[in-house]
Amino acid sequence: MSDELNSKIEATIAVLHQAAREFTQVVFASSLGAEDMVLTDLIARHRPDISVFSLDTGRLPKETYDLIQEVEQRYAIPLQVYFPDSALVEEYVAQHGINGFYDSVENRKGCCYVRKVEPLRRALKGADAWITGMRRDQAVTRGTLEVSSFDADNGLQKFNPLLDWSHNDVWAYIRQHDVPYNKLHDQFYPSLGCAPCTRSITPGEDIRAGRWWWENPESKECGLHVQSATGQSPVALRVSVEGNVGSEAHDVSRNQNPANKECGLHVRSTSLKASRERIIEIAANTKQEVSA
Ligand code: SF4
């Protein structure tokens, strides 16, 4: 392992200890993506007082469940899994159908809200700091991120200890330490989410092309992918030459997903009551669109 990567590892460990030292209740929101597996491994090895949680939306691919089990068997630290509120899921499905998220962007966001956002709010409740696996070079909008800053949306401190890691750093660490990872990464799934909303990509495709692929590309545009001289985004070029495309660290640890291609995990804090109101609002909007 290079000296540069060793330095990054040491810096990351220092940030984790700093967070645990300076805050009373620190949580790590693991998406089980490649970056978050690195952080899981570091937390398990160095034992800062940080609890780890993940969200089970109820629609995850088999490989993600396999990874959850592998993590539980491999590491001595507990992985707490949060599930959606069953009443909210039932309400959503009753209104929109079991696969209603395919019908409109609003329906999709509503589903993400019920299955991801509301459980995240519960998971963060009581914490005064959280850890994410975001990296600076994942998106141009992350260039101004800081390793530690106050997350006003969620009302707690946010640490991004992998901010200066590259994609190659992440995978070098995973290989070197035999860290478990989602086997879908070996099948060109760079960005992992729920099974019905994620497909593999082909060389040259944008790294985000596999997420909510049925949505209009214009509606999904978020301005994150700067075009290179060849017309391909830098990320797409990377995918074309690497067998393993890694993870874009899906949503529990991201807050840079503007426009439609976001799951809504990092929107303003919303109560359970408000989330129910949100479902009703989405249903009303959908009816208006249909009748228009
Ligand atoms: S990714 Fe798809 S299935 Fe998962 S919560 Fe969002 S809309 Fe629902």
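**Helix packing, ligand shell and positive phi angles**

The structure is a predicted model, in which local features need pLDDT of at least 70 and side-chain atom pairs count only at pLDDT 80 or more, while totals for chains, interfaces and linings use all residues. Residues are numbered from 1 along each chain as its sequence is written.

Two packed helices are described by the angle between their axes and the distance between the axes. Helix α2 (residues 34-46) packs against helix α6 (residues 167-176) at an angle of about 50°, and their axes are 9 Å apart; axes are lines fitted to C-alpha atoms, for helices over the stretch in contact, with angles running from 0 to 180 degrees between N-to-C directions. Helices (H or I, at least four residues) and strands (E, at least two) are DSSP runs, numbered from the N terminus. The crossing of α2 and α6 is left-handed, a term for a near helix turned anticlockwise from the far one by less than a right angle, with clockwise giving right-handed. In this contact, Ala34, Glu35, Met37 and Val38 of α2 meet Val170, Trp171, Tyr173 and Ile174 of α6, where contact requires C-beta atoms, placed from the backbone, within 7 Å. By class, seven of these residues are nonpolar, none polar and one charged; Ala, Val, Leu, Ile, Met, Phe, Trp, Tyr, Cys and Pro count as nonpolar, Asp, Glu, Lys and Arg as charged, and the others, Gly among them, as polar.

Helix α1 (residues 3-22) packs with α2 at an angle of about 70°, with axes 11 Å apart, and the two helices are therefore roughly perpendicular to each other. Their crossing is right-handed, and the contact is made by Thr12, Ile13 and Leu16 of α1 with Leu42, Ile43 and His46 of α2.

The ligand is surrounded by 13 residues, of which Phe101, Cys111, Cys112, Cys194 and Cys197 are the closest; a residue belongs here if its C-beta atom, placed from the backbone, lies within 6 Å. This shell divides into seven nonpolar, two polar and four charged residues.

Leucine 32, in the loop between β1 (26-29) and α2, has a positive phi near 70° and is buried, with 27 other C-beta atoms within 10 Å. Aspartate 178, in the loop between α6 and α7 (217-220), has a positive phi near 50°, but is exposed, with 9 C-beta neighbours inside 10 Å. Buried denotes 20 or more such neighbours, exposed 12 or fewer, and partly exposed a number in between, with C-beta atoms placed from the backbone.

Note on methods: Contact = placed C-beta atoms within 7 Å. Parallel < 35°, antiparallel > 145°, perpendicular 65-115°, else oblique.
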